[in-house]
Amino acid sequence: MQVDLIPGAIILFIVFLLIFWVFRFQQERARFPPGPTPWFFLGNLLQKDALPLYKTYPKLAKKYGPVFTIWLGPKPLVVVCGYEAVKDALITHSEEFGGRSPVPILDEVTKGYGIIGEDERWKILRRFTLTTLRNFGMGKKSMAERMSEEAHCLVEKISSFEGQPFDVIPTIAAAVSNVMCAVIFGKRFSYDDKIFTETLEILKGFIGFFLSAPGMVYSAMPRLMKFLPGPHNRAVTDCTKICDYIRTRVDSHKKTLDPDNPRDFIDCFLIKLEKEQNSNVICMEDLVMTVFELLIAGTDSTANAISYGIILLARFPEIQAKMQQEIDDVVGPNRQPTMEDKVKLSYTNAFAHEMLRFQPGSSENFPRTTTQNVIFKGHFIPQGTTVLPLWASVHFDPLCWDNPRTFDPAHFLNKNGEFQKKDAYLPFSAGKRVCPGESLANMEIFISVTSLLQNFTFELTMDPKEIDLENLFMGCREDGKHRYIRAIRRKI
């Protein structure tokens, strides 16, 4: 008789636990700004009226206001929408919203080493890395010259396709990564180098997973997902190959190191480790993971932005023709464009800004964390809460832009056709955690785009009407015919 009661008791116990969990979850929800009703355990993860946010935020902000909560599984994500609210959070309340939110899939690879962190070691590494990169020319004329040399190699590579369709993404990624590789490793790689191309494929796959729906699930429930099969295991395993390759490059540098003549970033880091070998603050694994993180930061976002821009130029031939005319008038056919030309290339500069403004879903996975309890826009937000300043809501804010859903470089031109930057332009974030690579990315985008348009006219291989501009940027990370273009050599 007692044995028969055991299954019933177990069921009652499970029901009690579920009721208790639901009760506690509802109590937790009440602490945060309102938002769409989450499902049991999954939150809003699978709700199409909640995610992706770059598509759903207008309706959500209209219903709940500029601050609302999305639940990623059991974790709350407070979303801040609109230029005024985002500016208020990141600049006026920069300290309160200045914490670094964990990136579980990256932390699984780096094990906490490297330049991404929050503690005293992170501050030392960040300061050293920025200083070293500046010493190697980041933001300076010497770096622009290095980019011009790589742009020449890129032109030669694209010329080799002889007007036949080619996938623009890996070609641009190789050129962009080579600029960072020259600083890190002291050398550039052939676009056909096997290890180099494999590394770029792994980086693309890692970031692709990070930005995907499964990546969001992993970020929401990393402890559970670590014990389950899925693409996250492949992403981590592949990245260990890159880290192993970095270690071989570090070992090679050790054998030929001249402390009086550092050749690149790795040499500089090794010299620092030698000087501080008794400090126990940073170690060799910090070098490996910092290089890994620099490869990601210095390749993916800039490469995808340039590739996206080239596809947009092919989609809007009238814009492309106007830029080419401006480049012909200012630069001419016989020399490469330089950063000094930027002030005269107003329309080209405006295009570069517009293509970054028009990227709708590029930063949903890079939130902040509150460093203390804060009252914001009438809502209480507890310390340690993950907060997402939604850049799409800034760049498509109708209060700041005329016809924001229309791609138009004139958004950055005044009445006289001169370049004019807008306050509501924040592709590199703002406040305490503004992207340290902003100047590098801007230089590379400008030099690459102007050099390519000086030499080629780009054409789509598909009907322009088939391109979905709303989803194009995120779609560039997936294989598809929209990524294939023709580059017709110009005759000037």
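Which order do the strands take in the open sheet of 5 strands? The order is β1-β2-β8-β5-β3, and the pairing is mixed. At its edges lie β1 and β3 (99-100), each of which pairs on one side only.

Let me state the conventions. This is a predicted model, in which local features need pLDDT of at least 70 and side-chain atom pairs count only at pLDDT 80 or more, while totals for chains, interfaces and linings use all residues. Residues are numbered from 1 along each chain as its sequence is written, and side-chain values use heavy atoms, with hydrogens and water left out. Helices (H or I, at least four residues) and strands (E, at least two) are DSSP runs, numbered from the N terminus. Two strands pair if DSSP finds at least two bridges between them.

Within this sheet, β1 and β2 pair in the antiparallel sense over 6 bridges. Axes here are lines fitted to C-alpha atoms, for helices over the stretch in contact, and angles run from 0 to 180 degrees between N-to-C directions. Contact means heavy atoms within 4.5 Å.

I turn now to α2 itself. Which residues of α2 are buried? They are L53, Y54, T56, Y57 and L60, where buried means under 20% relative accessible area, exposed over 50%, and partly exposed in between (1.4 Å probe, protein chains only). These residues lie on the same side of α2 because they cover an arc of only 135 degrees around the axis; the arc is that of the directions from the helix axis to the C-beta atoms. K59 and K62, on the other side of α2, are exposed. The partners of the buried face are β1 (67-72), β2 (75-80), β8 (386-389), α17 (391-395) and α19 (469-475).

A cis peptide bond joins L51 and P52, with omega at about 0 degrees, and P52 lies in the loop between α1 (2-29) and α2. Just after α2, G65 takes a positive phi of about 100 degrees.

A further open sheet has 3 strands in the order β4-β10-β9, with antiparallel pairing. Its edge strands are β4 (166-167) and β9 (456-460). Strands β4 and β10 (residues 484-489) are joined by 2 bridges, and the bridge partner of D167 in β10 is Y484. Helix α18 packs on this sheet, touching β9 and β10, at about 90 degrees to the direction of β9.

In the loop between α17 and α18 (438-455) we find C435. An unreviewed UniProt entry annotates C435 as "binding site"; UniProt positions are given in the numbering used here, feature names are shortened, and annotations may be inferred rather than shown by experiment. Is C435 buried or partly exposed? C435 is partly exposed, with a relative accessible area of 34%.

By way of contrast, H232 in helix α11 (residues 231-256) is buried, at 3% relative accessible area. Leaving aside neighbours within four places in sequence, H232 is in contact with I105, F209, Y218 and M225.
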